[in-house]
Amino acid sequence: MSRTRTALLAAMALVAGVTGTAFAADPGGAGTTAVPCTVDYKIQNQWSTGFTAAVTITNNSAAKSSWSLKWSYAGNQKVTSGWNAKISQSGAAVTAANESYNAQLGTGASVSFGFQGSYSGSNAIPATFTLDGVTCNVDNGGPGGPTDPPDPGGPANRVNNPYEGAKVYVNPEWSAKAAAEPGGSRVSNQPTGVWLDRIAAINGAGGKMGLRAHLDEALRQKGSGELVVQFVIYNLPGRDCAALASNGELKPDEIGRYKTEYIDPIKAIFADPKYASLRIVTTVEIDSLPNLVTNAGSRPTATPQCDVMKANGNYIKGVGYALNKLGDVPNVYNYVDAGHHGWIGWDDNFAPSATLFKEAATAEGATVNDVHGFITNTANYSALKENNFSITDNVAGKSVRESKWVDWNRYVDELSFAQAFRNQLVSVGFNSGIGMLIDTSRNGWGGTARPAGPGPQTSVDAYVDGGRYDRRFNPGNWCNQSGAGLGERPQANPAAGIDAYVWMKPPGESDGASKQIPNDEGKGFDRMCDPTYEGNVRNNFNMSGALPDAPLSGHWFSAQFRQLMQNAYPPLS
């Protein structure tokens, strides 16, 4: 966290022993009166030619339906970009006005925004701020000039693996639901991801905790050690173009709303110095980029919705913007979603996906340095390791690749895929130190159906089908899969190139409804969640394998959670 200097207005000098900014002297001698507003201006990061700053306004006067903060620089500082406010500059004078979503500023309420700027020479902090023409007092701080040491934990000082030596945040809302199930206390203390799947989730939707509430709870759980808190960034315009269960609230052309109403507010909260001691891990936009590779263009798996998103470029722009903005926060670690082996593992998907990810990671001002790693199998069911057969096996004169299950894929499980795909990503220009995460929340495939050894060698299909742990009808099946179990428990450094096994998808949260359910969450009905559905080209026209009576995606699905515990591998004790 940046060190803080307090520079008060002349009136504040009369108040002995006051270190905050809530009160100014009463010239009438009758005590103290609340000042109309306070401004907390902190320089968060500073280098030889630029800086980032966070500004928090607290309104102590009548409630406002809009606001405008003004200040002037004494030097040659220039604001180059901003978030959570409309910022303009004329000469030395800067104006920051509200966005539409943060215009309301009640009595005693605060609002925050941030920006990046350039400078040369000194970077003096503004002496005076006015809110709607009224002078505020100031608590301002940060490095005073280019000779100051960089902030600990800045981008150059991120640890190689955020999970190493750290506890991981346990979401109390998920934990309570898990503990309420019979036997659920065996896993209710496990860390899971928090999904920010719509704008309302930032402040808390449907009575759930908002982003700040989770971060505050993470600080409480942290204690004196290190703690990772995991968030899924999931609200692209035209989201989930090849499916319907997780269609989002933003229309395909609403990239502006994605930036200003979703990413910018998240960044502003992440960047609050209060949370600088946390290691914040983000999973960035699951399922989006792989859809542009496999479900657009002339492929038989293409959908009109994915063709639209490929043409307008808003998946690329959105991911790039998210990486750029969130990557500016020194203690944020971005992991980009990379599908899973049953999606990206084929030759015509593998290299093109890595190339497309590089394009997104260098869009909208982002660089590869904004990507700490990638995550595979998010909210999916692909087995971590298939021990009873390998891709190099030959049976009855045929390669395992020729089996109906493998279907010419080069990978049979997530671990081998993630390690190989990491190498491919480095080859296209990502940093050699990137790490992989694998979501093991629902890929255990234990229980009585788990094969004890290889299948019979009478045919390649019998060999693979008899020995595979993954009991789905097809690797393309993704919705509330029958027979699935909890996988490896979250852990750091489990294998070469793998930063951690994680439960990014909270076990027990539905993938989608089994039938049409009217809702105000923007979630549609996908036949792949219907247990009677006989499939489509994306799962080779197999049955869906979905559990019956499932609720909307993200809602608690008790029957699924109980099955996941029953079929856990390693088994629960």
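Contact here means heavy atoms within 4.5 Å. This is a predicted model, in which local features need pLDDT of at least 70, side-chain atom pairs count only at pLDDT 80 or more, and totals for chains, interfaces and linings use all residues. Residues are numbered from 1 along each chain as its sequence is written, and side-chain values use heavy atoms, leaving out hydrogens and water.

**Exercise 1.** Find what Phe270 touches, leaving out residues up to four places away in sequence.

*Solution.* Start with the contacts of Phe270: among them are Leu211, Leu215, Phe231, Ile280 and Val332.

**Exercise 2.** Work out whether Asn295 is buried or exposed.

*Solution.* First, recall the cut-offs: buried means under 20% relative accessible area, exposed over 50%, partly exposed in between, with a 1.4 Å probe and protein chains only. Asn295 has 5% relative accessibility, so it counts as buried. Finally, check its surroundings: Asn295 touches residues including Trp343 and Arg538.

**Exercise 3.** Classify the ring pair of Phe417 and Phe421.

*Solution.* Take the rule first: rings of Phe, Tyr and Trp (its six-membered ring) pair if their centres lie within 6.5 Å; planes under 30 degrees apart count as stacked, over 60 as edge-to-face and the rest as tilted. The centres of Phe417 and Phe421 are 5.4 Å apart with planes at 10°, so this pair is stacked. Phe417 is buried at 0% relative accessibility, and Phe421 is buried with a relative accessible area of 0%.
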